[in-house]
Amino acid sequence: MQIDELQQIVATLRTVGGDYNDVEAKASKTALPSSVKDTLSAFSNSDGGVIILGLAETEGFAATGVDDPVKIATDLT
């Protein structure tokens, strides 16, 4: 995914208030949220989707970042 695509998705999420069927934002600054498993399962049973880590839906889709992306990627796999 290119940065401009990501920016467009985030802008859309902010506009529609997160009601976007194939995009899920997760604040995962220090750890992978347990709800990622449910999201992956839901996307696997549909047409797929995009999970954006380091973006807090509860804070208006503010960028929270990910402190240790290698750890998060390892935990995800």
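User: Which residues of helix H2 are buried?

Analyst: Buried means under 20% relative accessible area, exposed over 50%, and partly exposed in between (1.4 Å probe, protein chains only). Helices (H or I, at least four residues) and strands (E, at least two) are DSSP runs, numbered from the N terminus. In H2 (residues 35-44) the buried residues are Val36, Thr39 and Phe43. They lie on the same side of H2, because they cover an arc of only 60° around the axis; the arc is that of the directions from the helix axis to the C-beta atoms. This is a predicted model: local features need pLDDT of at least 70, side-chain atom pairs count only at pLDDT 80 or more, and totals for chains, interfaces and linings use all residues. Residues are numbered from 1 along each chain as its sequence is written, and side-chain values use heavy atoms, with hydrogens and water left out.

User: What do the buried residues of H2 pack against?

Analyst: Contact means heavy atoms within 4.5 Å. The partners are strand S1 (23-26), strand S2 (50-53) and helix H3 (69-76). Exposed Lys37, Asp38 and Ser44 are on the face of H2 turned away from its buried side.

User: How many salt bridges does the structure hold?

Analyst: A salt bridge is a side-chain nitrogen of Lys or Arg within 4 Å of a carboxyl oxygen of Asp or Glu. There are three. One of them joins Lys29 and Asp67, with the closest N and O atoms 3.0 Å apart. Lys29 lies in the loop between S1 and H2 and Asp67 in the loop between strand S4 (62-63) and H3, so the pair ties together parts 38 residues apart in sequence.
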